[in-house]
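Reader: I am new to this structure. Please take me through it, with a close look at one part first.

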Amino acid sequence: GLEEGAKSQFSTFNNFITTINQKKEGIRNRSSPTQLVIPNIKNGKDLPPLCLDVRQKQRMSIDTLPQELKAPSPPEPSLPVRTKTVKDFQDDVEKSKASGDWKAVHSFYSTTFDSFMEINAAFKKDTNSPFNTIEDSGIDAKFVNVVYDALLNTPQDVQKSVLKGIINGLLQEWTGPRTKDDLRAYCILLQNPQFSNTSTYVIYAHLLRQIAALTEADHHFLVHWSKKISQKRFKQVVDRLLQFISLRLFPAKPEEFPPMVKCTWWIPSATKVLALFNAANSLISPPIISYTDFYNSTLDHIDLMEEYHNWQCYGNSHRFSFCQYPFIISIAAKKVIIQRDSEQQMISIARQSLVDKVSRRQKPDMNMLFLNVKVRRTHLVSDSLDELARKKADLKKKLKVTFVGEAGLDMGGLTKEWFLLLIRQIFHPDYGMFTYHKDSHCHWFSSFKCDNYSEFRLVGALMGLAVYNSITLDIRFPPCCYKKLLSPPIVPCDHNTLVGICGVTLDDLFQIMPELAHGLSELLSYEGNVEEDFYSTFQVVFQEEFGVIKSYNLKPNGDKIPVTNRNRKEYVQLYVDFLLNKSIYKQFAAFYYGFHSVCASYALLLLRPEEVEILVCGSPELDMSALQRSTQYEGYQKTDLTIRYFWDVVLGFSLDLQKKLLHFATGSDRVPVGGMADLNFKISKSETSTNWLPVAHTCFNQLCLPPYKNKKELKQKLIIGISNAEGFGLE
């Protein structure tokens with residue numbers, strides 16, 4: 001947008017902006033520049049609760065304010081009359097391009113952006129209407145888009161006049177309560193494409209600071225108005241904010257910006273404004289953009305553990321931490337936080353065991369530093385259940401697995417094998433713990449009652465151990481399961497508090513039992529007489545174990561309350577709640593406590609349900625070309641004939657054979673959070689006879705490949721090897 005030659009002129013803007021602070025200091029007392037809240041704004045309130053506090057057990061929602069504001073708004077000043085239409089403006093631009101005379105366009109831009117009143121006069125759909133509700137911002141979005149699209153193609157003096165006008169507006173609107181016209185102006189200014197240029201960042205920073213310092217009620221309006229912005233423009237604003245944060249953290253040209261010590265409020269202000277857009281995005285189903293579009297991968301390169309510890313220590317105090325705004329932290333970065341937090345807990349528990357042993361004057365040994373699990377393959381589930389039940393105190397130690405009667409040493413491979421086989425047995429239909437739904441290709445908890453729910457606790461502990469030990473599992477739970485697992489994300493101190501209960505909808509049921517959900521959806525949209533045609537009551541009849549038919553009243557005396565056109569929404573909601581919460585409460589509560597017995601950590605507060613699923617299951621999408629690009633070689637070169645044969649064969653494999661290869665070489669057929677590159681896959685040259693099959697060291701994700709003479713022989717031996725891979729030995 002802006003050329004290099006214009007930057008010297010913008011440096012005067014920087015100097016001009018710095019006078020803002022000096023003028024304000026003479027008028028009122030100020031907080032330090034590190035504070036995000038601008039004090040002494042009349043009728044000011046605290047910033048909105050858009051972040052998480054470690055002392056809270058549930059996430060906060062932006063959508064908590066009533067539709068009508070309790071505090072009276074200041075009166076809207078009368079706006080000047082501006083009659084230019086989109087067509088008029090476009091005609092002016094075309095004439096200017098043809099003639100080279102930009103006077104009319106220059107006049108429009110310099111007038112329009114000179115003050116917040118002028119911005120409203122130009123872009124408000126009707127200057128005589130207040131537009132003071134959250135439903136309609138009153139902004140003529142089409143006109144705004146046309147004006148901004150044309151801006152970057154205008155001469156430099158036109159673009160400079162817009163920035164000068166914005167500075168004017170920011171100075172004029174710095175004090176006093178905000179009107180809805182002010183909020184409209186902020187909403188419009190945030191969409192200015194000029195703020196993609198680093199030379200405008202000083203002005204952009206002050207705009208963001210003012211928006212961050214608005215009252216909670218004003219933020220409420222901005223959030224609801226922002227969700228009406230088109231997907232393209234919404235994404236552009238989010239990308240602009242992310243770029244602003246990234247370049248302030250790691251500037252390509254540090255001399256372009258003021259020293260960090262003088263603008264510590266830049267990043268917190270931008271992050272708070274980004275939180276408003278994240279809140280707006282979450283209010284719509286489906287969301288405007290993916291939650292991953294809010295990730296800032298630049299944060300992967302900062303000291304995340306320092307951020308995490310600051311957040312743990314200071315919570316939602318005025319000390320800023322990115323962990324207060326977890327939506328901005330990528331899943332890869334969150335995985336690093338969880339891994340390091342787990343490692344620190346492992347070290348702490350192991351150290352305590354050592355101290356206890358020494359204090360009792362007993363001889364310490366290495367085994368006390370690990371969670372040692374010894375199992376027989378023939379009694380895998382029962383042995384695992386017994387071992388984990390006996391060693392509850394050791395669950396947070398590093399896991400080591402031994403298969404009785406096998407010589408393998410666990411450097412990670414045996415652990416992967418144990419998880420894989422155990423999950424395979426527990427989720428088998430004959431085992432009866434989980435029901436597999438063919439329509440949705442996922443498992444759900446069996447509602448059959450049992451005397452002992454310890455096996456559900458075992459599955460929860462297994463999932464916790466997998467996350468804790470960075471193992472991916474092939475578990476097919478629906479997204480609703482992970483939402484329940486974070487309800488609440490921290491285990492409540494009061495054991496009478498219900499756990500694993502979350503708000504569920506018909507959409508959640510569609511992901512598990514689509515046919516039933518479709519039937520309930522048809523009931524909601526039925527245009528006839530529901531009571532006479534369906535003849536249903538607020539009672540659910542279901543089949544228990546051994547074919548026993550039981551009934552459950554969805555509300556008191558439900559069997560006597562007919563489902564009608566008026567109450568059918570309540571019926572459907574209660575029915576869904578019964579199926580996904582109440583009917584499986586004891587099973588899921590045991591599962592919940594099992595998971596959190598291992599994974600109890602404030603780091604869980606950083607995660608969305610979708611991110612927990614990725615941490616547990618990894619990604620099912622295999623990209624063997626990406627694996628080829630990241631593979632390391634030992635004894636081979638990537639140009640060697642054997643290696644070329646290998647990749648020709650593997651890339652031609654079916655998905656099933658590719659998964660078998662991945663499982664053979666790494667112990668899991670799932671892709672970790674960081675993608676194929678995170679596997680650190682290595683192919684080593686085996687100096688054995690070419691009559692031998694390939695060998696894998698799953699602890700190190702290493703495949704030992706003999707130098708087979710031709711592609712046919714390599715393919716034959718590789719398929720035999722990967723199709724018959726169970727058990728371990730020592731070389």
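What is the relative accessibility of Cys-699, and what does Cys-699 count as?

Author: Cys-699 has 23% relative accessibility, so it counts as partly exposed. Here buried means under 20% relative accessible area, exposed means over 50%, and partly exposed is in between (1.4 Å probe, protein chains only). The model is predicted: local features need pLDDT of at least 70, side-chain atom pairs count only at pLDDT 80 or more, and totals for chains, interfaces and linings use all residues. Residues are numbered from 1 along each chain as its sequence is written, and side-chain values use heavy atoms, leaving out hydrogens and water.

Cys-699 sits in a loop, between strand E9 (695–697) and strand E10 (702–705). Helices (H or I, at least four residues) and strands (E, at least two) are DSSP runs, numbered from the N terminus. An unreviewed UniProt entry annotates Cys-699 as "active site". Such positions follow the numbering used here, feature names are shortened, and annotations may be inferred rather than shown by experiment.

Now the strands. Strand E1 (residues 370–375) has alternating side chains. Leu-371, Val-373 and Val-375 point to one face and are buried. E1 runs parallel to strand E2 (residues 398–403), joined by six bridges. Two strands pair if DSSP finds at least two bridges between them. Leu-371 stands opposite Leu-399 in E2.

Next, a hairpin. Strands E3 (residues 434–437) and E4 (residues 442–445) pair in the antiparallel sense, over four bridges. Tyr-436 stands opposite His-443 in E4. Four residues lie between the strands of this hairpin, and His-441 takes a positive phi near 55°.

Then the rings. The structure holds 46 aromatic pairs. Rings of Phe, Tyr and Trp (its six-membered ring) pair if their centres lie within 6.5 Å; planes under 30 degrees apart count as stacked, over 60 as edge-to-face and the rest as tilted. Phe-108 and Tyr-109 form an edge-to-face pair, 5.7 Å centre to centre with 70° between the planes. Phe-108 is buried at 8% relative accessible area, and Tyr-109 is buried at 0%. Tyr-308 and Trp-311 form a tilted pair, 6.0 Å centre to centre with 45° between the planes. These two are three residues apart in helix H12 (residues 304–314), so about one helical turn separates Tyr-308 from Trp-311. Tyr-308 is buried at 0% relative accessibility. Trp-311 is buried at 0% as well.

One aromatic cluster includes Phe-434, Trp-444 and Phe-445.

Lys-180 lies over the face of Phe-221, 4.6 Å from the ring centre. Arg-377 lies over the face of Phe-403, 4.1 Å from the ring centre. The test is NZ of Lys or CZ of Arg within 6 Å of the ring centre and within 35 degrees of the ring normal.

Last, Asn-281 in helix H11 (residues 266–282). Asn-281 is buried, with 4% relative accessible area. Asn-281 touches Phe-234, Pro-287, Ile-288, Ile-289 and Phe-294, not counting residues up to four places away in sequence. Contact means heavy atoms within 4.5 Å.
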